[in-house]
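Colleague: I am new to this structure. Could you take me through it?

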Amino acid sequence: MSEAGPHGIRPAEAEGGFLPPRLLDRLGGLDLIARTVVEGFVGGAHRSPYRGAGEEFARHRAYQQGDDVRHLDWRLFARTDRLFVREYREDSNLQAYLVVDATASMGYADGAGLPKLRYAAYLAAALAYLMLRAGDRVGLASYGAAPVLHHPPRNRPGHLHDLLATLERLEPAGDASAAGALDNVGEALRRKGRVVLISDLLEDDDGAALLDALGRLRARGDEAIVLRTLTPEEAGDAPLAAGTFHDPERPAREVAASPADDPGYARRVAAYYARLATAMGERGVEYVAVTTARPVELALGDWIRVRGS
Amino acid sequence: MLELARPAYLLAGGLLALVPIALHLIARRPPRRAPLPTARFVRPDPRTAVRLRRRPSDLLLLALRCALLLLLGAAFAGPSWRPAPAGTVEVVLLDRGAGIGGAWAEAVDSARALVLGGGAAEGRAESGRRGAGRELVLFDTAAVRVPAAALDAAFFDSLAAAGPGDSPIDYAAALRGLVAAVRARPGFDSAGAVLVTRPRWEGWSPGLARLRDAAWPGAIRVVGVGGELPVQPAAVDGPVDRGVPGIAMIHADRGGEYVTAALEALGWTVERGSENFAADRAGPAPALHVVLGPVSTEVEAALAESARAGATVVLEAGVSAGAAGGSGVGGATGTLRFAGGAVLDGAVRRGPIAIPPGARLLAAWDDGAPAAVAVPEGEGCRVELATRLEEGRLPLAPAFPAALDRLARGCDDGQRRPAAAGAGGAASNGGGRPLDAGALAVLEGRGHPAAVGAADLAAAGFGSDDGRPLGRWILLAAIAVAAVETWLARRRGAGRRVGSADETVAGIGGTGR
């Protein structure tokens, strides 16, 4: 008989020790989700890229089993007869912008899966938590009906809450291009920084303007990371039942089709994203392809692998 | 028993019902209208627009639609409910005219055998193949239907004892009695007729040949009494000569339709006279001219010449220059009585008439004033009438053809007979003289079916043959089904629209929050 876990989720529902995205919704708010994802990510097979200790003392923390004994404060132990470890604030000047695609197409969900926008919010929340924990300053931008700069890059108490609250409020609408949002972010970054774009990359011009905008960011010296987010059905990984389909951003144009019976559908989708990935690689942009069926922790791991390669 | 007058309509309804079945087996996509951000990568597939289901969709709606078409087909198929078959009805027409004389007892025995199934040998033979229903009609110049409850042996005994009547007979009356008896008989499969008579010229009347066919579509078996029936000559095997008296010519600027119809019923071949009819016409000269309304002096002269050559010229009031008050009829009305017995009753407008020397009276008003006279003219005759032939309701009087027949005979006092009555018929008035084979053939209606089916009788104007029509009730049921189908289809359609809208909202805006 299986026992329910701390959040009412049974171990059998976890996939390889990580939580399936559809179960993250049960956790509650994005702050808890982000914390859970990152704890799982850090405590799992992956090691945090921001583990390096800084020089500035931050606080004492009660010793827990597994803490590095080198960080034990022996003098405090002598005074209090209790074990504490010293924590330091990592000294970082990195500014990062999370750019989330909130166009109408991101509202799509297949079957019982998560809508892409919700999945993108998980990713953004986990990344924000990770980067803030590492001492980076993190901002948030999105584009749906129009590009919006929600929060400038900051790292202060309560900033994570602001970011997560904004992510919670995002609704899919409009058909704005990512290029405008990236250009706005580029202008808002006062020095070189990191831009993380979470999007399905379904652009009107087949991504030409997006690639140009990413090229401009790279020319500034910014680090650019693209997390392409699709559902398995969109990616051709899961059968898509026959029907009359329309692009949520172009509802007037309908197509009666049976993608499950059309092997060319998956090929065309793969070719589109392969072309984008190649073009981004040529511009030094990190490209990570994820689907909403993949646990967010694993998606973060994919990114780490790409960065390490 | 349910009967269909036009079963092809029901068949058509059944075939049409296959259409909704086929339509319900065809499923039109989109069964699913869905958003798909990667729609740009899908290729249109026409096969997805239409597909064939294994089971029909919406069985209730399909059943209603099929029922609607079948009901419409049934409604237009002329359905009727007929009571259980009542067998064959046989109407026995018994001649009780004075002319039957000593053959009366034999006639009653034959009728008894036919009705009760015993007695004479012929009667026994008849009873073996007949059904249960029998009617007895006694006729002389009128016909009386004997109630079925009274038809027993005692009735026939009393009938034989009472003897025949003292009136002449009229076969036309027998025909009218036959029709009335069949119409009065409820529910039967078929009907036949037997005439027990001593066939004789006495019963023949003008127009009987045409009346015979119009009155009864079947054959009439003639059981002759008082002697042998005339033998049909071998040569007369084809169409029976109905006895056309000759060619009659109508002279009128307008009207003349009633006179034409009556003359044709009497067997005349009717033509329309022209201004120069004598010169224009080829072939035999008309034996009768009927002049309705004023004519030119040239025509009047030609008519006088025709009369002198042997024709009969009938001039209605206001035509003849010799007639007093040649302008026509006045306001007074009366009843016309013809010497042969025909009476034109009612408000017949009358005019004065002069009686030339040598004229003989053909008809008089009810006050005794002359109404029609015949004046010999050369070999022929001129008949003058004190009224107009197509005046008011006069042409609609039952005796109109008989009156016209008397006028057409003009100066001839003899009984004109149809040519089919044989060579002796036209010249002889022999009331007791037996009918010849030709006239008997006309009366029997040889070539017609011995028993006429109820449906044929209904088609011939003998009523609805007791079938209870169901078409309007089935049509009402079809309307009710159509109303339910419409209501249900709208409800289902509205449900589908709401479902489609929900699906769209869930697909586009349903972000899980």
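**A hairpin and an interface**

Modeller: One place to begin is Y143(A), which stands opposite P147(A) in β5(A). Please note that this is a predicted model.

Colleague: Which strand does β5 of chain A join, and over how many bridges?

Modeller: Strand β5 (residues 147-154) is joined by 5 bridges to strand β4 (residues 137-143) of chain A, and the two run antiparallel.

Colleague: How many residues lie between β4(A) and β5(A)?

Modeller: There are 3 residues between them, and the two strands form a hairpin.

Colleague: Turning to the two chains, how many residues of each are in contact?

Modeller: On chain A there are 34 residues in contact with chain B, and 23 residues of chain B take part. Elements that each supply at least two residues of the side of chain A touching chain B include α4 (116-133), β8 (243-247), β9 (250-257) and α9 (263-282).

Colleague: What is that side of chain A made of, by class?

Modeller: It has 19 nonpolar, 7 polar and 8 charged residues.

Colleague: Which strand of chain B pairs with β8(A), and in what sense?

Modeller: Strand β3 (residues 33-35) of chain B pairs with β8(A) in the parallel sense, over 3 bridges. Within this pairing, T244(A) stands opposite R33(B) in β3(B).

Colleague: And chain B itself: how many helices and strands are there?

Modeller: Chain B contains 15 helices and 21 strands. Of its 513 residues, 39% are buried. Among contacts in chain B with a separation of 6 or more, 76% are between residues 24 or more positions apart.

Technical notes:
Residues are numbered from 1 along each chain as its sequence is written. Chains are lettered from A and ligands numbered from 1 in the order in which they are written. This is a predicted model: local features need pLDDT of at least 70, side-chain atom pairs count only at pLDDT 80 or more; totals for chains, interfaces and linings use all residues. Two residues are in contact if their C-beta atoms, placed from the backbone, lie within 7 Å. Helices (H or I, at least four residues) and strands (E, at least two) are DSSP runs, numbered from the N terminus. Ala, Val, Leu, Ile, Met, Phe, Trp, Tyr, Cys and Pro count as nonpolar, Asp, Glu, Lys and Arg as charged, and the others, Gly among them, as polar. Two strands pair if DSSP finds at least two bridges between them. A residue is buried if 20 or more other C-beta atoms lie within 10 Å of its own, exposed if 12 or fewer, and partly exposed in between; C-beta atoms are placed from the backbone.
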